[in-house]
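Hi everyone, thanks for coming.

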Amino acid sequence: MSKPSIAILGGGRLGGALAGLVNDCGYPVVAITARSQETLAAISKATALPVCFDNVEAAAQADLILLTVPDRILPVVLDELIAGKRLRLGQVLLHTSGVLAGEALAPARQFGVAVGSMHPLQSFADRETARKNIPGSPFAIDGDAAAVDAASRLVNDLGGTILRVPPEERVLYHAAACIASNYLVALLHTAEKLLMRWTSDESAALQSLLPLVKGTLRNVAQQGTASALTGPIVRGDSSTVARHLQALPEDFKTVYQILGQETLKLVGNRIPLSQRETIAQLLGASTFKETK
């Protein structure tokens, strides 16, 4: 069975990475678009694939159109495609937004196009790391039947797994992704700022923390979050928690207490109620309910 031709509208970190990957999987890439000559030149050099400025022309050549632009640009590009009137029956139009469902592309249905979404649950710091990280990643997909079918085949070819997130819960899904990725980075930066008191700079502090972080993630991967939890709270060690709070600068206490409260919920009844109540009080929890 021949694979559909693909146009990628938006040659940024994700779009550029996907272009090379889908091409490697045997999908004919007819065009990659970008707004700047510099970006197009970089993509052309990295992939040797066709590039152009014109989204309408690129989309007209493809069976499967991937919109890999930022959320704020998505309505602009969609309006271009609608105004261009080059979309046609049988095409599939997918966006890669995390927070938006496939219904965001609904106006394209007037041309007989199937619409949907295909969001990789992954972090992309640059085009090269994106290309390395995408294979094996989960993708949240939804949309019209033909769009879901096309997205599913593409995800399978990329070596990914499929998450069927209901459209009405897409924002909640994206919030979970932000907590796991963006807020993890912010949390590590918080620890980095504390540790750099005893290192030469932030980079040295981060390098000192990374073995601990990697070890923790390995434990989580092997045992799950509850079983991987270590530290004073799961031991019921209220005296250490109190000493932490006494030593911490004021700017760090709020994040310590909020995360400590979530840790205490994860611990549940693994420690006696009296210890949980004492720790909850130290962490500033307004109420504490015993886990049944």
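So, at what angle do helix H8 and helix H13 pack? The angle is about 130°, and their axes are 12 Å apart; axes here are lines fitted to C-alpha atoms, for helices over the stretch in contact, with angles running from 0 to 180 degrees between N-to-C directions.

Quick housekeeping. This is a predicted model, where local features need pLDDT of at least 70, side-chain atom pairs count only at pLDDT 80 or more, and totals for chains, interfaces and linings use all residues. Residues are numbered from 1 along each chain as its sequence is written, and side-chain values use heavy atoms, leaving out hydrogens and water.

Back to our pair: H8 covers residues 182–195 and H13 covers residues 250–267. Helices are DSSP runs of H or I with at least four residues, strands are runs of E with at least two, and both are numbered from the N terminus. Who touches whom? On the H8 side, Leu187, Thr190, Lys193 and Leu194 meet Phe252, Val255 and Leu259 of H13, contact being heavy atoms within 4.5 Å.

Now over to H4, residues 74–84. Leu74, Val77, Leu78, Leu81 and Ile82 are buried there, meaning under 20% relative accessible area, with exposed being over 50% and partly exposed in between (1.4 Å probe, protein chains only). These buried residues pack against strand E1 (6–9), helix H3 (55–60), strand E4 (64–67) and strand E5 (92–95).
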